[in-house]
Amino acid sequence: MNKKKIIVSIILLLVAIGAFYGYCEYNRKPASMADTRSDFTFNTANLLAAFEQDEAAANKLYLDKVIEVEGAVKEITADEKGFYTVVIGEDASLSSVRCSVDSLFSSKAAGLQTGGLVKLRGVCTGFMADKLLGSDVTLVRCAIIEK
């Protein structure tokens, strides 16, 4: 009888531990880019040049990597749901870095001024080349980094 109680207690304990672990994993939030170490750091001109010179090599190096980029704000837009996109780059160039801002940083994005310098950290998701309209490097889940 005593052995059965011990076995049942151990099984219940293991089930409780498994349930707690499952609950924690289900409710886990993704890491903020503000707390994530960047794999690469660029200014906008250098990041754009890397993709424009050799897109295939740059894709191998930078796709799905955390990139920190600094540059002048060209444009700030918000969609109908309140999600911000910050476009940074040189005013004289049609090419830019498009940064989809994480919703945790929406208030900071709303406070940015065009022409001001900003540092953003996000995950690189690709490059869109267009000789007539300019090329764009896209970063998602971006955090606005304080200087």
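A disulfide here is a pair of cysteine sulfur atoms within 2.5 Å. Searching the whole structure with that cut-off turns up zero disulfides. Before going on, note that this is a predicted model: local features need pLDDT of at least 70 and side-chain atom pairs count only at pLDDT 80 or more, while totals for chains, interfaces and linings use all residues. Residues are numbered from 1 along each chain as its sequence is written, and side-chain values use heavy atoms, with hydrogens and water left out.

**Stop 1: the cysteines.** Select C99 and C142. The C99 sulfur has its closest cysteine sulfur in C142, 4.1 Å away, which is too far for a bond. C99 is buried at 0% relative accessibility, where buried means under 20% relative accessible area, exposed over 50%, and partly exposed in between (1.4 Å probe, protein chains only). C124 is buried at 0% too.

**Stop 2: the core.** A nonpolar core is a set of buried Ala, Val, Leu, Ile, Met, Phe, Trp, Tyr and Cys residues joined through side-chain atoms within 4.5 Å. The largest one has 31 residues, and I88 and V97 have the most contacts inside it. Elements supplying at least two residues each include α2 (44-53), β2 (66-78) and β6 (136-145); β6 gives the most, with six. (Helices are DSSP runs of H or I, at least four residues, and strands are runs of E, at least two, numbered from the N terminus.)

Center on V97. Beyond its neighbours within four places in sequence, V97 is in contact (heavy atoms within 4.5 Å) with residues including T44, L47, L48, I88 and L139.

**Stop 3: helix α2.** Show T44, L47, L48 and F51, which are buried in α2. They sit on the same side of α2, because they cover an arc of only 95° around the axis, going by the directions from the helix axis to the C-beta atoms.

**Stop 4: charged pairs.** A salt bridge is a side-chain nitrogen of Lys or Arg within 4 Å of a carboxyl oxygen of Asp or Glu, and the count comes to four. Select E68, K119 and R121, which are linked in a network of salt bridges. R121 meets E68 at 2.6 Å, N to O. R121 lies in β5 and E68 in β2, so this pair ties together parts 53 residues apart in sequence. E68 is buried at 9% relative accessible area.

Last, find E25 and R28, whose side chains meet in a salt bridge at 3.0 Å, N to O. R28 is exposed, at 58%.
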